[in-house]
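Welcome, and thank you for taking the time to look around. Please open the sequence and the model side by side, and we will walk through them together.

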Amino acid sequence: MSYNSLLSFGDLIPLKLKCDVKKLFGETEKFVYLKYNPRKDIERYGLSITSLDGSLNGVDLDSIKEYNKENNTEYDELSFNKFTEVYHTSSEIQKIVEPFKNHIGRSHILSLQEGGYFPPHRDLPVYVEQQNSLRILVPLKGCNPPDMYFMYEDKPLHFEHGRAYFLNTNKSHNLFSFKGSYMVVLNIKTSEEVYQILGDNFQAR
């Protein structure tokens with residue numbers, strides 16, 4: 001299977017994987033969220049599930065492109081694959097990650113506070129012959145209208161909180177939070193095994 005073959009099942013695919021949101025927040029409440037892309041003055045924060053070396057130093061929450069430029073490095077989404085204490089502390093995060101554990105890339109809990117947003121963008125802005133990673137989202141809190149509008153092309157998405165979704169983030173999307181929202185964002189290395197894992201976990205609608 002290829003990425004394009006996966007898309008024949010849809011751009012937003014609900015998965016069987018679920019977590020107990022209340023328990024997850026309880027397990028992670030001791031950790032401090034750091035600014036997401038601190039170069040921009042936007043109310044976005046992150047709690048790292050993976051990082052470059054397993055530490056919670058926030059490098060993985062920076063703009064990879066800008067960090068590479070300033071530090072003469074060549075990191076990509078898959079460089080940040082060491083589990084942090086956040087992962088090891090939360091059995092609910094482990095439950096979501098487990099099927100993809102050997103294929104994990106940059107992953108975190110993303111928090112958009114009131115007024116936090118992402119402008120319209122594509123995660124892969126140019127065409128590539130082979131996509132090396134894909135995106136799994138787990139909306140946790142305040143991810144539906146009117147709390148937050150996750151606009152996918154010209155339509156707002158609606159989620160079941162606590163459920164994992166595959167989302168094709170190559171299409172234009174933008175987010176704006178009116179109340180404060182939280183979601184798990186997993187970057188997963190593409191492979192035949194990963195496509196099989198996804199296929200095995202499609203949630204019947």
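Where is Pro 146 found? Pro 146 sits in the loop between strand E8 (133-141) and strand E9 (148-152). Helices (H or I, at least four residues) and strands (E, at least two) are DSSP runs, numbered from the N terminus. Pro 145 and Pro 146 are joined by a cis peptide bond, with omega about 5°.

Before going on, here is a word on how to read the values. This is a predicted model, in which local features need pLDDT of at least 70 and side-chain atom pairs count only at pLDDT 80 or more, while totals for chains, interfaces and linings use all residues. Residues are numbered from 1 along each chain as its sequence is written, and side-chain values use heavy atoms, with hydrogens and water left out.

Now let us look at some backbone angles. Asn 37 is not a glycine, yet its phi is positive, at about 45°. You will find Asn 37 in the loop between strand E2 (34-35) and strand E3 (44-48). Asn 37 counts as buried because its relative accessibility is 10%; buried means under 20% relative accessible area, exposed over 50%, and partly exposed in between (1.4 Å probe, protein chains only). Glu 153, also a residue other than glycine, has a positive phi near 55°. Glu 153 belongs to the loop between E9 and strand E10 (155-156), and its relative accessibility of 46% makes it partly exposed.

Next come the aromatic rings. A pair of aromatic rings is described by the distance of the centres and the angle of the planes. Here, rings of Phe, Tyr and Trp (its six-membered ring) pair if their centres lie within 6.5 Å; planes under 30 degrees apart count as stacked, over 60 as edge-to-face and the rest as tilted. By this rule there are 13 aromatic pairs. The pair of Tyr 67 and Tyr 75 is stacked, because the ring centres are 6.2 Å apart and the planes are at 25°. Tyr 67 is partly exposed at 22% relative accessibility, and Tyr 75 is partly exposed at 26%.

Tyr 149 and Phe 178 form an edge-to-face pair, with 6.0 Å from centre to centre and 80° between the planes. Because Tyr 149 lies in strand E9 and Phe 178 in the loop between strand E12 (173-177) and strand E13 (181-189), this pair ties together parts that are 29 residues apart in sequence. Tyr 149 has a relative accessible area of 33% and is partly exposed, and Phe 178, at 47%, also counts as partly exposed. Another ring, that of Phe 118, has the charged end of Arg 44 sitting over it, 4.3 Å from the ring centre. That description applies if NZ of Lys or CZ of Arg is within 6 Å of the ring centre and within 35 degrees of the ring normal.

Which residues lie nearest the centre of the largest pocket? They are Glu 77, Arg 106, Arg 122, Asp 123 and Arg 135, out of 44 residues that line the pocket. On a 1 Å grid over the protein atoms alone, a pocket is an open set of points where a 1.4 Å probe fits, with protein on both sides within 12 Å along at least five of seven lines; lining residues have an atom within 4 Å of a point. Helix H3 (64-71), strand E6 (104-112), strand E7 (117-121), E8, E12 and E13 each give two or more residues to the lining of the largest pocket.

The side chain of Asn 187 makes a polar contact of 2.9 Å with the side chain of Arg 135, and another of 3.3 Å with the side chain of Glu 77. A polar contact is a pair of N or O atoms within 3.5 Å; within protein, one must be able to donate a hydrogen and the other to accept it, and residues adjacent in sequence count only if both atoms are side-chain atoms. Asn 187 counts as buried, because its relative accessibility is 3%.

Finally, compare sequence with space. Gly 54 and Phe 83 are 29 residues apart along the chain, and their C-alpha atoms are separated by 5.2 Å. The C-alpha atoms of Thr 73 and Val 32, 41 residues apart along the chain, are separated by 27 Å.
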